[in-house]
Amino acid sequence: MKLMKKTGLIASVVLVSGILIHAVSDEKIGDKAPVEKGYFFPAEIDFAGEKTPLNIVDVKERFDRELLVNANLDASTLLIIKRANRFFPVIEPILKKNGVPDDFKYLAVAESALMNATSSAGAKGFWQFMADTAKERGMEVNDVVDERYHLEKSTEAACKYLLDAYKKFGSWTLAAASYNGGFGGVNKQITIQGVTNYYDLLLTDETARYVFRILALKQIMQNPVQYGFNVAPAELYQAIPTRKLEIDSSITDLASFAKSQGINYKILKIHNPWLRDRKLTNPAKKKYVIEIPTEGY
(Lines give C-alpha, C1' and ligand atoms only; values in the text may rest on other atoms or scores of the structure.)
Protein backbone atom coordinates (compact mmCIF):
# COMPACT_ATOMS: atom_id res chain seq x y z
CA MET A 1 0.00 0.00 0.00
CA LYS A 2 1.08 3.55 -0.41
CA LEU A 3 1.33 3.57 3.35
CA MET A 4 3.89 0.83 3.00
CA LYS A 5 5.35 1.65 -0.42
CA LYS A 6 6.82 -1.47 -1.76
CA THR A 7 7.11 -0.47 -5.35
CA GLY A 8 10.86 -0.44 -4.97
CA LEU A 9 10.80 -3.98 -3.69
CA ILE A 10 9.21 -5.26 -6.85
CA ALA A 11 12.22 -3.87 -8.67
CA SER A 12 14.87 -4.76 -6.13
CA VAL A 13 13.83 -8.10 -4.76
CA VAL A 14 12.98 -9.27 -8.09
CA LEU A 15 10.91 -9.80 -10.16
CA VAL A 16 10.52 -11.59 -6.91
CA SER A 17 7.61 -9.45 -6.01
CA GLY A 18 5.39 -11.16 -8.40
CA ILE A 19 7.07 -14.28 -7.69
CA LEU A 20 6.24 -17.60 -6.97
CA ILE A 21 6.01 -19.75 -4.30
CA HIS A 22 5.00 -22.07 -1.94
CA ALA A 23 5.73 -24.85 0.08
CA VAL A 24 2.74 -27.02 -0.17
CA SER A 25 1.92 -30.11 1.77
CA ASP A 26 4.03 -33.22 1.32
CA GLU A 27 1.16 -34.91 -0.47
CA LYS A 28 1.16 -32.24 -3.14
CA ILE A 29 4.90 -32.16 -3.54
CA GLY A 30 5.74 -35.83 -3.36
CA ASP A 31 9.11 -37.30 -4.27
CA LYS A 32 11.14 -35.31 -6.71
CA ALA A 33 10.94 -36.50 -10.29
CA PRO A 34 11.49 -34.85 -13.64
CA VAL A 35 8.41 -32.82 -14.49
CA GLU A 36 7.79 -31.23 -17.84
CA LYS A 37 7.05 -27.52 -17.62
CA GLY A 38 3.32 -27.07 -17.95
CA TYR A 39 0.61 -24.46 -17.84
CA PHE A 40 -2.87 -24.82 -16.45
CA PHE A 41 -5.60 -22.20 -16.40
CA PRO A 42 -8.20 -22.98 -13.70
CA ALA A 43 -11.91 -22.88 -14.41
CA GLU A 44 -12.42 -20.83 -11.27
CA ILE A 45 -10.50 -19.23 -8.42
CA ASP A 46 -11.30 -17.08 -5.41
CA PHE A 47 -9.54 -14.85 -2.94
CA ALA A 48 -10.55 -15.37 0.69
CA GLY A 49 -13.80 -16.95 -0.47
CA GLU A 50 -14.62 -14.06 -2.82
CA LYS A 51 -14.95 -15.46 -6.33
CA THR A 52 -12.91 -13.96 -9.13
CA PRO A 53 -15.23 -13.26 -12.13
CA LEU A 54 -13.21 -15.02 -14.84
CA ASN A 55 -16.21 -14.71 -17.16
CA ILE A 56 -15.26 -11.03 -17.61
CA VAL A 57 -12.71 -10.84 -20.43
CA ASP A 58 -10.31 -8.28 -18.94
CA VAL A 59 -10.37 -10.08 -15.58
CA LYS A 60 -9.54 -13.40 -17.21
CA GLU A 61 -6.72 -11.88 -19.26
CA ARG A 62 -5.21 -10.01 -16.30
CA PHE A 63 -5.15 -13.22 -14.27
CA ASP A 64 -3.70 -15.10 -17.25
CA ARG A 65 -0.88 -12.54 -17.47
CA GLU A 66 0.15 -12.94 -13.84
CA LEU A 67 -0.17 -16.71 -13.96
CA LEU A 68 2.10 -16.90 -17.01
CA VAL A 69 4.65 -14.50 -15.54
CA ASN A 70 4.84 -16.21 -12.17
CA ALA A 71 4.84 -19.73 -13.62
CA ASN A 72 8.01 -18.87 -15.50
CA LEU A 73 10.09 -17.34 -12.71
CA ASP A 74 11.80 -20.66 -12.16
CA ALA A 75 14.66 -19.92 -9.74
CA SER A 76 12.65 -17.38 -7.74
CA THR A 77 9.74 -19.79 -7.51
CA LEU A 78 11.86 -22.65 -6.26
CA LEU A 79 13.39 -20.50 -3.55
CA ILE A 80 9.99 -19.31 -2.38
CA ILE A 81 8.64 -22.84 -2.35
CA LYS A 82 11.50 -23.81 -0.06
CA ARG A 83 11.10 -20.78 2.22
CA ALA A 84 7.35 -21.16 2.55
CA ASN A 85 7.77 -24.53 4.20
CA ARG A 86 9.60 -22.78 7.04
CA PHE A 87 7.62 -19.56 7.32
CA PHE A 88 3.99 -20.37 6.48
CA PRO A 89 3.59 -22.37 9.71
CA VAL A 90 4.49 -19.16 11.58
CA ILE A 91 2.17 -16.89 9.58
CA GLU A 92 -0.89 -19.16 9.29
CA PRO A 93 -1.84 -19.44 12.99
CA ILE A 94 -1.47 -15.68 13.48
CA LEU A 95 -3.85 -15.00 10.59
CA LYS A 96 -6.29 -17.56 11.99
CA LYS A 97 -6.11 -16.17 15.52
CA ASN A 98 -6.96 -12.69 14.22
CA GLY A 99 -9.79 -13.83 11.95
CA VAL A 100 -7.91 -12.94 8.77
CA PRO A 101 -8.37 -15.41 5.87
CA ASP A 102 -5.51 -17.82 5.22
CA ASP A 103 -5.16 -16.52 1.64
CA PHE A 104 -3.38 -13.45 2.98
CA LYS A 105 -0.22 -15.49 3.45
CA TYR A 106 0.14 -15.19 -0.34
CA LEU A 107 0.06 -11.42 0.05
CA ALA A 108 3.21 -11.71 2.16
CA VAL A 109 4.77 -13.72 -0.65
CA ALA A 110 3.91 -11.02 -3.20
CA GLU A 111 5.30 -8.36 -0.88
CA SER A 112 8.67 -9.83 -0.01
CA ALA A 113 9.15 -13.33 -1.42
CA LEU A 114 9.21 -14.36 2.26
CA MET A 115 12.41 -12.47 3.01
CA ASN A 116 13.29 -9.62 5.35
CA ALA A 117 13.70 -7.36 2.36
CA THR A 118 14.15 -3.59 2.13
CA SER A 119 12.57 -1.62 -0.70
CA SER A 120 14.07 1.47 -2.29
CA ALA A 121 11.35 3.47 -0.53
CA GLY A 122 12.42 2.14 2.87
CA ALA A 123 9.69 -0.45 3.48
CA LYS A 124 11.07 -3.40 5.38
CA GLY A 125 10.35 -6.96 6.41
CA PHE A 126 8.08 -9.74 5.18
CA TRP A 127 5.08 -7.39 5.18
CA GLN A 128 6.91 -4.32 3.88
CA PHE A 129 6.00 -1.68 6.43
CA MET A 130 7.22 1.88 6.23
CA ALA A 131 8.59 3.13 9.56
CA ASP A 132 5.73 5.52 10.38
CA THR A 133 3.07 2.97 9.53
CA ALA A 134 4.83 0.33 11.61
CA LYS A 135 4.85 2.63 14.63
CA GLU A 136 1.16 3.42 14.11
CA ARG A 137 0.49 -0.33 14.18
CA GLY A 138 2.30 -0.83 17.48
CA MET A 139 5.79 -1.84 16.39
CA GLU A 140 9.03 -0.49 17.83
CA VAL A 141 11.24 1.04 15.16
CA ASN A 142 14.59 2.66 15.94
CA ASP A 143 18.31 2.15 15.36
CA VAL A 144 18.53 -0.58 17.99
CA VAL A 145 15.25 -2.50 17.56
CA ASP A 146 13.18 -2.69 14.37
CA GLU A 147 10.20 -4.98 14.76
CA ARG A 148 9.37 -4.78 11.07
CA TYR A 149 11.96 -7.57 10.89
CA HIS A 150 10.13 -9.58 13.55
CA LEU A 151 7.93 -12.05 11.68
CA GLU A 152 5.36 -12.66 14.42
CA LYS A 153 4.97 -9.00 15.40
CA SER A 154 4.86 -7.71 11.83
CA THR A 155 2.25 -10.34 10.95
CA GLU A 156 0.15 -9.18 13.89
CA ALA A 157 0.48 -5.59 12.65
CA ALA A 158 -0.51 -6.59 9.11
CA CYS A 159 -3.60 -8.30 10.54
CA LYS A 160 -4.60 -5.07 12.28
CA TYR A 161 -4.39 -3.17 9.03
CA LEU A 162 -6.29 -5.79 7.06
CA LEU A 163 -9.07 -6.02 9.63
CA ASP A 164 -9.46 -2.23 9.55
CA ALA A 165 -9.53 -2.29 5.75
CA TYR A 166 -12.13 -5.07 5.68
CA LYS A 167 -14.28 -3.14 8.13
CA LYS A 168 -14.11 -0.12 5.81
CA PHE A 169 -14.56 -1.84 2.45
CA GLY A 170 -16.58 -4.93 3.37
CA SER A 171 -14.40 -6.97 1.00
CA TRP A 172 -11.22 -8.95 1.60
CA THR A 173 -10.23 -8.43 -2.03
CA LEU A 174 -10.42 -4.65 -1.64
CA ALA A 175 -8.59 -4.93 1.68
CA ALA A 176 -5.76 -6.69 -0.17
CA ALA A 177 -5.79 -4.07 -2.94
CA SER A 178 -5.57 -1.29 -0.37
CA TYR A 179 -2.43 -2.88 1.10
CA ASN A 180 -0.82 -1.88 -2.19
CA GLY A 181 -2.78 1.16 -3.28
CA GLY A 182 -3.33 2.67 0.13
CA PHE A 183 -6.49 2.90 2.18
CA GLY A 184 -7.19 6.43 1.00
CA GLY A 185 -6.17 5.77 -2.59
CA VAL A 186 -8.57 2.88 -3.09
CA ASN A 187 -11.37 4.65 -1.24
CA LYS A 188 -10.93 7.72 -3.45
CA GLN A 189 -11.34 5.67 -6.62
CA ILE A 190 -14.42 3.93 -5.23
CA THR A 191 -15.97 7.35 -4.63
CA ILE A 192 -14.98 8.73 -8.04
CA GLN A 193 -16.01 5.69 -10.06
CA GLY A 194 -19.11 4.76 -8.10
CA VAL A 195 -18.35 1.03 -7.90
CA THR A 196 -17.47 -1.10 -4.90
CA ASN A 197 -15.88 -4.19 -6.46
CA TYR A 198 -12.13 -4.50 -7.07
CA TYR A 199 -12.73 -6.13 -10.44
CA ASP A 200 -14.84 -3.17 -11.59
CA LEU A 201 -12.34 -0.49 -10.57
CA LEU A 202 -9.82 1.22 -12.83
CA LEU A 203 -6.71 1.56 -10.67
CA THR A 204 -3.01 2.32 -11.15
CA ASP A 205 -1.19 -0.41 -13.03
CA GLU A 206 0.56 -1.71 -9.91
CA THR A 207 -2.61 -1.95 -7.83
CA ALA A 208 -4.59 -3.30 -10.79
CA ARG A 209 -2.10 -6.17 -11.07
CA TYR A 210 -1.62 -6.69 -7.35
CA VAL A 211 -4.54 -8.98 -6.46
CA PHE A 212 -4.04 -10.97 -9.66
CA ARG A 213 -0.41 -11.55 -8.71
CA ILE A 214 -1.56 -12.85 -5.32
CA LEU A 215 -4.10 -15.11 -7.04
CA ALA A 216 -1.39 -16.44 -9.36
CA LEU A 217 0.85 -17.21 -6.41
CA LYS A 218 -2.00 -19.00 -4.66
CA GLN A 219 -2.85 -21.05 -7.75
CA ILE A 220 0.71 -22.18 -8.40
CA MET A 221 1.50 -22.79 -4.73
CA GLN A 222 -1.52 -25.00 -4.31
CA ASN A 223 -0.88 -26.89 -7.56
CA PRO A 224 2.92 -26.81 -8.06
CA VAL A 225 3.24 -29.98 -10.12
CA GLN A 226 0.81 -28.64 -12.73
CA TYR A 227 3.27 -25.82 -13.34
CA GLY A 228 6.39 -27.99 -13.42
CA PHE A 229 7.53 -27.53 -9.80
CA ASN A 230 8.04 -30.88 -8.12
CA VAL A 231 10.27 -30.41 -5.09
CA ALA A 232 11.15 -33.30 -2.83
CA PRO A 233 10.27 -32.77 0.86
CA ALA A 234 13.93 -33.11 1.82
CA GLU A 235 14.74 -30.06 -0.33
CA LEU A 236 12.36 -27.75 1.50
CA TYR A 237 13.76 -25.37 4.14
CA GLN A 238 12.84 -26.76 7.52
CA ALA A 239 12.03 -24.86 10.71
CA ILE A 240 15.01 -24.62 13.04
CA PRO A 241 14.24 -25.48 16.70
CA THR A 242 14.88 -22.64 19.12
CA ARG A 243 14.51 -21.85 22.79
CA LYS A 244 13.11 -18.50 23.87
CA LEU A 245 15.01 -16.32 26.29
CA GLU A 246 13.29 -13.36 27.98
CA ILE A 247 15.43 -10.28 28.43
CA ASP A 248 14.40 -7.15 30.37
CA SER A 249 17.77 -5.46 30.66
CA SER A 250 20.39 -4.00 28.34
CA ILE A 251 22.98 -6.14 26.56
CA THR A 252 26.18 -4.19 26.02
CA ASP A 253 27.79 -6.60 23.55
CA LEU A 254 25.63 -8.96 21.51
CA ALA A 255 28.66 -10.88 20.24
CA SER A 256 29.70 -11.76 23.79
CA PHE A 257 26.09 -12.48 24.70
CA ALA A 258 25.79 -14.88 21.76
CA LYS A 259 28.88 -16.79 22.88
CA SER A 260 27.46 -17.04 26.38
CA GLN A 261 24.42 -18.77 24.86
CA GLY A 262 26.53 -21.27 22.94
CA ILE A 263 26.16 -19.64 19.51
CA ASN A 264 27.89 -16.87 17.58
CA TYR A 265 26.94 -13.32 16.59
CA LYS A 266 25.96 -14.33 13.04
CA ILE A 267 23.52 -16.99 14.22
CA LEU A 268 22.05 -14.64 16.84
CA LYS A 269 21.33 -12.02 14.17
CA ILE A 270 19.93 -14.55 11.67
CA HIS A 271 17.37 -15.74 14.24
CA ASN A 272 16.66 -12.28 15.66
CA PRO A 273 16.87 -9.90 12.69
CA TRP A 274 14.95 -7.26 14.64
CA LEU A 275 18.14 -6.64 16.67
CA ARG A 276 19.67 -3.90 14.50
CA ASP A 277 22.75 -2.86 16.48
CA ARG A 278 25.72 -4.58 18.14
CA LYS A 279 24.04 -3.98 21.47
CA LEU A 280 20.57 -3.84 23.00
CA THR A 281 19.97 -0.71 25.03
CA ASN A 282 16.95 -1.10 27.26
CA PRO A 283 16.71 1.65 29.92
CA ALA A 284 12.93 1.19 30.20
CA LYS A 285 13.38 -2.49 31.17
CA LYS A 286 11.12 -3.57 28.33
CA LYS A 287 10.68 -7.32 27.97
CA TYR A 288 12.13 -8.79 24.77
CA VAL A 289 12.15 -12.42 23.68
CA ILE A 290 15.33 -13.59 21.98
CA GLU A 291 15.39 -16.88 20.08
CA ILE A 292 18.40 -19.14 20.50
CA PRO A 293 18.62 -22.09 18.07
CA THR A 294 19.14 -25.46 19.70
CA GLU A 295 20.30 -27.33 16.58
CA GLY A 296 20.93 -26.84 12.89
CA TYR A 297 23.41 -23.98 13.27
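F169 is buried in this predicted model. Its relative accessibility is 13%, and buried means under 20%. F183 has a relative accessible area of 27%, so F183 is partly exposed.

The model holds 15 aromatic pairs. In one of them, the ring centres of F169 and F183 lie 5.2 Å apart. Their planes meet at 40 degrees, so the pair is tilted. F169 belongs to helix α7, residues 151-169. F183 belongs to helix α9, residues 183-193. The pair therefore ties together parts that are 14 residues apart in sequence.

Y198 and F212 form another tilted pair. Here the distance is 6.1 Å centre to centre, with 40 degrees between the planes. Y198 sits in the loop between α9 and α10, while F212 is in helix α10 itself. This pair, too, ties together parts 14 residues apart in sequence. Y198 is buried, at 1% relative accessibility. F212 is buried as well, at 0%.

Rings can also join in a cluster. Ring pairs link F47, F104, Y166 and W172 in this way.

Now turn to the charged residues. R276 lies over the face of Y149, 3.9 Å from the ring centre. R276 is also in contact with K269, as are L254, L275 and D277, leaving aside neighbours of K269 within four places in sequence.

K269 lies in helix α12, residues 265-271.

Note on methods:
Residues numbered from 1 in each chain as written. Predicted model: local features only at pLDDT ≥ 70, side-chain atom pairs only at ≥ 80, totals over all residues. Heavy atoms only, no water. Helix = DSSP H or I, 4+ residues; strand = E, 2+ residues; numbered from the N terminus. Contact = heavy atoms within 4.5 Å. Phe/Tyr/Trp six-rings, centres within 6.5 Å; stacked < 30°, edge-to-face > 60°. Buried < 20%, exposed > 50% of the residue type's maximum accessible area, 1.4 Å probe, protein only. Lys NZ or Arg CZ within 6 Å of the ring centre and 35° of its normal.
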